Amino acid sequence: MKLKELAATNPNARMLEQAPLTIVVCGDMQKALEGEGQQLWIQDCSAATENILLAAHALGLGAVWTALYPRDDRARGAIEVLKLPEHIVPLCAIIIGYPAEQPEPKDKWKPENVSYNEFGGKAE
């Protein structure tokens, strides 16, 4: 039931309606650093999200990261559906399921996108 409610709040996450599982990764602002470092919660949650994506892949599952924060409309939907307290901020929803297909990975390697030693630097 919650998955369908979450799907209705995010136009880019309609696959939630068929998914068996989603993990909503959240930051706890009561545990965030104060001052200048407060926004590091985003990096912490992003690293956790990537680890979850890698673990799902290692188990043969398909997973996709769908952004919630900083889009207030998307975050607000998750907050309402999950009844999150004010100090909990949802960063993303990781939708997990069994992939319908196994497409070949895309080769996006472009040597010109790599800099060495300084921006725009070439390999010696």
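This is a predicted model: local features need pLDDT of at least 70, side-chain atom pairs count only at pLDDT 80 or more; totals for chains, interfaces and linings use all residues.
Colleague: What makes the strands a sheet, and in which order do they lie?

Modeller: There are 3 strands, and their order is S1-S3-S2. The sheet is open and the pairing is antiparallel. Strands of a sheet pair through backbone hydrogen bonds, either parallel or antiparallel.

Colleague: Why are S1 and S2 said to stand at the edges?

Modeller: S1 covers 21-28 and S2 covers 62-67. Each has a single partner strand, so one side of each is left without a neighbour in the sheet. From one strand to the next, the twist averages 25°.

Colleague: How do you know that S2 and S3 pair?

Modeller: Two strands pair if at least two bridges are found between them. S2 and S3 (residues 88-97) have 6 bridges, in the antiparallel sense. The pairing therefore meets the cut-off of at least two bridges.

Colleague: Which residue in S3 stands opposite Gly-62?

Modeller: Gly-97 does.

Colleague: How many disulfides are there, and how do you know that Cys-26 is in no disulfide?

Modeller: A search of the whole structure gives 0. The nearest cysteine sulfur to that of Cys-26 belongs to Cys-45, 7.4 Å away.

Colleague: What makes Trp-41 and Tyr-69 an aromatic pair?

Modeller: A pair of aromatic rings is described by the distance of the centres and the angle of the planes. For Trp-41 and Tyr-69 the centres are 5.0 Å apart. The limit is within 6.5 Å, so the rings pair. The search of the whole structure finds 1 aromatic pair.

Colleague: Why is the pair called edge-to-face?

Modeller: The planes stand at 70°. Edge-to-face means over 60 degrees, so the term applies.

Colleague: Which parts of the chain does the pair link?

Modeller: Distant ones, 28 residues apart. Trp-41 sits in helix H2 (residues 40-58). Tyr-69 sits in the loop between S2 and helix H3 (72-82).

Colleague: Where is the largest pocket, and what is its volume?

Modeller: The volume is about 320 Å³. The lining has 16 residues, and the closest to the centre are Gly-62, Ala-63, Gly-97, Tyr-98 and Pro-99. S2 and S3 are the elements that give two or more residues to the lining.

Colleague: What makes a space a cavity, and how many are there of 30 Å³ or more?

Modeller: A cavity is space where a 1.4 Å probe fits but cannot get out. The structure holds 1 of 30 Å³ or more. The largest cavity has about 60 Å³ of space. Residues lining the largest cavity include Leu-6, Leu-16, Val-24, Leu-68 and Ala-93.

Colleague: Why is Gln-102 called exposed?

Modeller: Gln-102 has 66% relative accessibility, which is over 50%, so the term exposed applies. Gln-102 lies in the segment after S3. From Gln-102 to Val-64 is 14 Å, C-alpha to C-alpha, with the two 38 residues apart in sequence.

Technical notes:
Residues are numbered from 1 along each chain as its sequence is written. Side-chain values use heavy atoms; hydrogens and water are left out. Helices (H or I, at least four residues) and strands (E, at least two) are DSSP runs, numbered from the N terminus. Axes are lines fitted to C-alpha atoms, for helices over the stretch in contact, and angles run from 0 to 180 degrees between N-to-C directions. A disulfide is a pair of cysteine sulfur atoms within 2.5 Å. Rings of Phe, Tyr and Trp (its six-membered ring) pair if their centres lie within 6.5 Å; planes under 30 degrees apart count as stacked, over 60 as edge-to-face and the rest as tilted. On a 1 Å grid over the protein atoms alone, a cavity is a set of points where a 1.4 Å probe fits but cannot get out, and a pocket is an open set with protein on both sides within 12 Å along at least five of seven lines; lining residues have an atom within 4 Å of a point. Grid points are joined across faces, edges and corners, and a volume is the space filled by probe spheres set on the points. Buried means under 20% relative accessible area, exposed over 50%, partly exposed in between (1.4 Å probe, protein chains only).
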